[in-house]
Each structure stands twice: as C-alpha cells, then as structure tokens.
Amino acid sequence: MEDGFSSYSSLYDTSSLLQFCNDDSASAASSMDVTDRIASLEQRVQMQEDEIQLLKSALADVVRRLNVSEEQQAMGSRRGPTKARPMIATLPLRPTVNNGNVLPKKGTLPSPSGPGSRKDTSTPANKSTVRRTNSNEHVGTLTRKDSGESKGNRTRAGSTGSNSSGKRSDSKQRDPVFNAGMRRVTHCKEEGYVRMYLKGRPITMYMPKEQVDSYCLEARAELPSNKLKLDWVYGYRGRDCRSNLYLLPTGETVYFLASVVVLFNVDEQLQRHYTGHTDDIKCLAVHPDKITIATGQVAGTSSDGKLAPHVRVWDSVSLNTLHVLGSGFFDRALVCLAFSKSNGGNTLCVVDDSNDHVLSVWDWQREDRLAEVKCSNESVFAADFHPTDSNIIVTCGKSHLYFWSLEKGTLVKKQGLFEKQEKPKFVLCVTFAENGDAITGDSSGNILVWGKGTNRISHVIPGAHEGSIFTLCMLRNGTLVSGGKDRRLVSWDSGYQQIQTVEVPELFGPIRTIAEGRGETVLIGTTKHFVLQGSLDGDFIPITQGHTDELWGLAVHPWKPQFLTCGFDRQVCLWDSSSHQLIWTKSMEDSAQSAGFHPSGAVVAIGTQTGRWLVLDTDSKDLVTVHTDGNEQLSVMSFGPDGNFLAIGSHDNYIYIYAVAENGRKYSRVGKCSGHSSFITHLDWSVDSQYLVSNSGDYEILYWIPSVCKQVVSVETTRDIEWATYTCTLSFHVFGLWPDGSDGTDINAACRSNDKSLLVTGDDFGKVHLFSHPCSQFRAPSHVYGGHSSHVTNVSFLYDDSYLVSTGGKDMSVMQWRIV
C-alpha cells in the first residue's frame, strides 16, 4: 500500500502542502484584505481536498490491481473466460449498471423496461420548463454523421441505384417479397440448393453434394463456444471534440473514441474499456474525486430503432454504470459536461446540441434535474463550474460568453462585456485562475481574464497565439498553459507573462486539448488524432494515434502478428498487434479503399478510390510498383493462396487479374473477368488457386477460372470447391449471417477463422457479430459486440486466430478483440 501511495506522490507535492497549511502568516498578515484571506482559505481547503483525493485514488488503484490479479489467477486456474469477483465491500453502495443495464438499489424491484429507461430521470421531456425550438424534424439527418444521406453515399454495398435508398426504416414491413408462407429462405432438396430473397431478388446457393441428403433448413444452429473481449482500441477523437483527455491519479490516461472510453496505463501498456455507450461519445468530465466519470453520447440508430442521447455516470475502478441521465430530455447529442468543484461534485452541468443548446444542471446522484435554460442558438464549445462557487457556471461558444448563476432553481444569465476589446467570432475555451478569475481563449488568438464575480475584462494578453486558441489548462503550480491552431504550447506565469513557448511538430497537427500529467509532464490531444506525452520544454512522444478519416482497408499479415489499415486520410499504417505499436505509416496521393498481403508477407497491395493500385514492400514501406485499372474505386485486393495471381475487384463491375512473379515484385495483366452487372464487393480464392468466387452490389454470386478470365456456370463444378477464405457474404456456408428483414447492405464484411470454426461479421449498426462456422442455417444465433459507433467496414482474424481486428467507417477506429 505504501508503494502504491508513493507512486502517486509525484502528482501532488505533499510537503509543500503541509508547510502551507501550517503557515499562519498567510491569514495573519494585517495588510491582506478580506477577499484575499478568503481566497487564501479557499486555496488551502482545495489543497487539503487534493490530499484526501490522493488517498482515495491510491485505494482505488489497489482495488483495481487486486481485481486484475484475481482475474489473472482465475484465468490461470481454469481455461476459458472468468470474471473477477465483485468488490462488494470496497465499492460505494450506489446503484450500478452492468453492461449498460441499471441494477436497482437493495429493496427495489427491477423496472420492467429496458436498459437506461428506468424512472427516466424523474422529469420527463413533456414536463420540461424549457420550451425548445422544435428540432425533431432534423433528428434523422443530424443525429449521427454516418446515418441518412452519408450512408447512401457509402462506398461499398448499397451505393448504386435504388439499393441504398430508403434503407432500414421500413424494411421489416416490406416483407411480402415471397409467398411461400412469407419465408425469406426456401430449400430445394432435389437440386440441393437454398434460395434466399434480399430486396425481392432471389439468391440461389448450392450446397456441397455430401450435404444434399442430410441438410435440413429447420435445424438449429448453435452459438459459438468462443467469445470476444475488447483488447485494444487504436486511435483518439481530437478532430471535433474538446476537453476529452485527462490523467487519473491511478496513472491511467482517459479519453474516448467511437462509443468506447479508453483507460490507458502507459507505463504498464494496459488498456481497460468502458463500453456502456451505444453511439458516438462527444464529451467527458472527471469528478473531483478522480474516480467517478461522466460521458455523453449522440442520438443514434440501431437495428431496433432510434437511441436517445444521454449521459452515463460510471465508476472508473469497477467500470460499473452508476446513473443514466436525461434519456428523453436531451436532443441530438451532448456537447459539454462538467462536475461542480466546491460542493463535493454533487452537481453536473450539461449542454446538448439542440437548436437552443439547452444548458441543464443535475443532481446526478438523485438523477434529478435542478434547472434548465436555453443557452444559445449558436454552437457552445465549453461549460464549466466556478471552482469555489457551485452556483456559477460559465459557457462560451460562437460569439458569446455567458456567466450563469443558479438562483432558486433558475439559471440567470450575465453576458460577458467585451467593451473596448474587439469581440471575437468564437470564444473557444475557458478555465479558472487560483483567485477565481475566469480565463478565456478565442479565435482571434487573444487570452482574456475576467475578474472574479464580474462579467468584465480585467486583463488582456493580445496575440497570445497566431489564430485560434483551442485549449487552456491551469496547472497545479499556478502556471497557465495554452495551445491552439498554430501548434504552439505556451506557458504563462501568474502575472500572465510568457514563460516559454514550444512548437509541436507539424506531423501531429494543431493542439486540441491539454491535460496535466505526472510531475512535470503534460498530455496533449491533437486534431490529427494523436495523444502526446511530453514536457513544456518539448520532446513529445505519441502514446496513441489513429486515422483521421473514414476507414475501409484492412489486411492481416500471413505469418506475423501484424495488420495493415488504410483509409480516406491517405495514410497506410502497419500495426503490431502484440506491442500495439505503429510499425510504420506512409502517405499516399489518393484515398485508400482496400488492401491485401502477398502470401509470402513480403509485399502488400493497396487499392485506391481512383482505380490506381500500389504495391509496397512490407519491411521498408518502399514502393514496388504502381498500376491503374479503370477510374473507379478498387474494393478488393486479393492474392491467390499460391501467390501467383492477384485479383482486383472494382466498382466498374470488372475483376482485373494479374500474374504475379518474383515473390510479389513483378505484375503482368492477364485480363479482366466480365459478367457482373454491379460493382464487386467481395472475392474469395479456392484452396488450389484455380477458382475465384465473387459477390456484387446486386447480390450476384459468380464463379471464375482467373488464369483465363472465364466464368464457370456449371453447378456441379462449383458446388464442391473448397475455398481458402470466406469473405463473401453470399454463399451457402455463410448465408445464416443475414438478419431477418435485411435489405442486403447491412453486412459490410465477413471473415472465417483460420481454424474454420468461427465466422465474424461487421454491420451497419456498429456491431461485430461472432457466429459458428459453417453458418448455413437461416437466422443463425451470434454473440454481438458494440464499441464502434459507425458502420463496421471490415473484420479479419489474425493469422493464428489469437485476435480479431475490426475497422469503423466514420468513427475512424481500429479495434482489436481477443478470442476467449
């Protein structure tokens, strides 16, 4: 315990704190006026609270470590996944939620309604005292970036003709596509095929001869005995979110990506994950106790319908959900969250993304809304409580800065007066000085100081930065640190004189948020999705990084624990799944769409959105060759198992075949396979590299002899072919993966494990599904896993089936799952 405590002492200088607390001269000095004495007392109390906090955090970390060691012992003593023992004695006796379902307090009955709907935060929306500008008509298009029109522009299945129009919303009601007892799948025993209907189109899938007599459509498929556990999340969301990076006293850095909150212990290279959310997380706040965390999400869609935006308050030690706030009250999304500082963190302020950007204040432990008010018609970027007065909240955003005071259940607004100072277009961030002054950073590059308790400017640092100031952070020693679009990290003393400036390298991008680290270190989140660790003197090391645009390409190394990702940000990244480190990254001229390794692992082929494709050396990332086929996106790059052919599936309906020589370094075009009437979505090779099967956007299944680019139409030839991979989503061995009522574009990717026992899919609702393979029974059951908040664009098992990797489209995340 002593070791644990000492490891945190670098966070707070306890000796100086005790010295300060024993020094009576501060309050005895006759020359100090009353306000200064009060400020001094407030500071002393704050430091004592920090000391208590330190003890709490040390205890919390001991509990967490005990939990981890128990879990490891349990896993060592018997095979298969085991859960750590619940920490009944050590955790606070608050109602908790496991896996997103609220568990009631002792003596109360569970609510019959589903997760998150309980008691619905005591004040339903229709009792709201704020009358919102009606924004419901916009919800469908604005709740999340990848719904609605953007999904219609999707780059894979469902982007031509009518296939993508009016998706999902009424697909379950449009069932009368086939009359045989309204079933969507039929079985013809005589000819040995199963016929499935997608959007009214019949898809005939022939089974192997040996199964013709024994196959029964009504037989029940079994759930796989294996499960998935989220092991690692690659990336960080810095492009469009603020104040979302903090260091907990336990040594864990906390941030979010997609619908996962990551707790990353950099020293131990361990990640833990809070997965209670169902869609994009947009804001995060840490309670003064440094254990409780609040996170807010956008409204979303699932296969069952719409998901309401809400706030989840959870315990960072146990990862249990303690409270769910505002389901049915908030609109569109949540943009700002902050706990109060001075009243033990009992209240939480929240700003949503409705037309009026409603500011609400909650007693989060009672799930009671204390007040709400229309904040602004314009964007709101930050909201925070005053450090010594929990009735004062400051909000800022586009052309506004407001000081709110909570008086008898009502929020009263005072507008910040810029007077002689030119009013900035955006006030982007706010923090507080030790004496209670508010400090703001704006789009003009100025830092303004607002006197405590007033709405007037008391000090100006003009031109503190070139361009927008995105973040301000007040360190424990009273140093103010600012960062912004100019990539400069500037520190200021208590008199607002510049101490020093350091520039973050251009590779990392502008500074989005700053957090105080251990000792002298600071953490920086950038708009290019890096989290950097360093000091105010410079020397920044990335501790996590990720893609910055939509992500589709994924390829796994044939014999190493490595995988490659590429996307619309024109970056190709090779990752090590064991160390979770980036091995190399290479910039390209075009947006990347697909990738595939040569069976030797020596080279990897990258397909782009322009018809160009490149081959890179896996070790040196050097360019081996460049070719162009057509002028549309290349959806699939797939080498034959013997390494002698490369098949390229294009959006121009053709499959281009190349002969490959010299271990993947020489390519000569054989021809193109012509026959599909829509774009190519998936390709698989036969084990002997003699045959190729393809799926297209209009649900065709065609077979080919690639060496001569000829289509094979004989059922007897194709039905017994053994396939090296199963990435095609339409075939007899996998058709059970399609959910009832699917329109044919819901499943983006599939992959069979190398031991042939599992099948995994990625769908449009951010879910990864794990099935048993073969999956040839209608509506096969699956284990379902959330984490992504956008359509899951690709999934693949590593060469040894130790891990599964999934990529999110617009959530830009890469997730690695352990198979347990």
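View 1. T807 sits opposite V814 in strand 59. This is a predicted model, where local features need pLDDT of at least 70, side-chain atom pairs count only at pLDDT 80 or more, and totals for chains, interfaces and linings use all residues. Residues are numbered from 1 along each chain as its sequence is written, and side-chain values use heavy atoms, with hydrogens and water left out. Strand 58 covers residues 803-808, and five bridges hold it to strand 59 in the antiparallel sense. (Strands are DSSP runs of E, at least two residues, and helices are runs of H or I, at least four residues, numbered from the N terminus; two strands pair if DSSP finds at least two bridges between them.) Another bridge to look for joins Y803 to R818 in strand 59. Five residues lie between the two strands of this hairpin, and M812 in the turn has a positive phi of about 60 degrees.

**View 2. Strand 58, covered on both faces.** In a regular strand, side chains alternate between the two faces of the sheet. Check out strand 58: Y803, V805 and T807 are on one side, L804, S806 and G808 are on the other, and all are buried. (Buried means under 20% relative accessible area, exposed means over 50%, and partly exposed is in between, using a 1.4 Å probe and protein chains only.) Strand 57, residues 792-797, runs antiparallel to strand 58 and is joined to it by five bridges. Here F797 stands opposite L804. The hairpin of strand 57 and strand 58 has five residues between the strands, and D801 takes a positive phi near 65 degrees.

**View 3. L228 in the largest nonpolar core.** This core has 43 residues, and L228, F563, V760, V768, F797, L804 and W817 touch the most other members. (A nonpolar core is a set of buried Ala, Val, Leu, Ile, Met, Phe, Trp, Tyr and Cys residues joined through side-chain atoms within 4.5 Å.) Strand 6, residues 228-234, gives the most to this core, with five residues. Setting aside neighbours within four places in sequence, L228 has contacts that include V768, L770, Y785, L804 and W817. (Contact means heavy atoms within 4.5 Å.) A second, separate core of 30 residues includes M196, L198, V734 and C775.

**View 4. Strand 59 beside strand 6.** These two strands pair in the antiparallel sense over six bridges. Strand 59, residues 814-819, is mostly covered, with five of its six residues buried.

View 5. The strands come in the order 45-46-47-48, with antiparallel pairing. At the edges are strand 45 (634-639) and strand 48 (666-673), each pairing on one side only. Strand 45 meets strand 46 (residues 645-650) over five bridges, and M637 stands opposite I648 in strand 46.

**View 6. Q633 in a loop.** Look for Q633 between strand 44 (623-628) and strand 45. Q633 counts as buried because its relative accessible area is 8%. The C-alpha atoms of Q633 and Q593 are separated by 7.0 Å, although the two residues are 40 residues apart along the chain.
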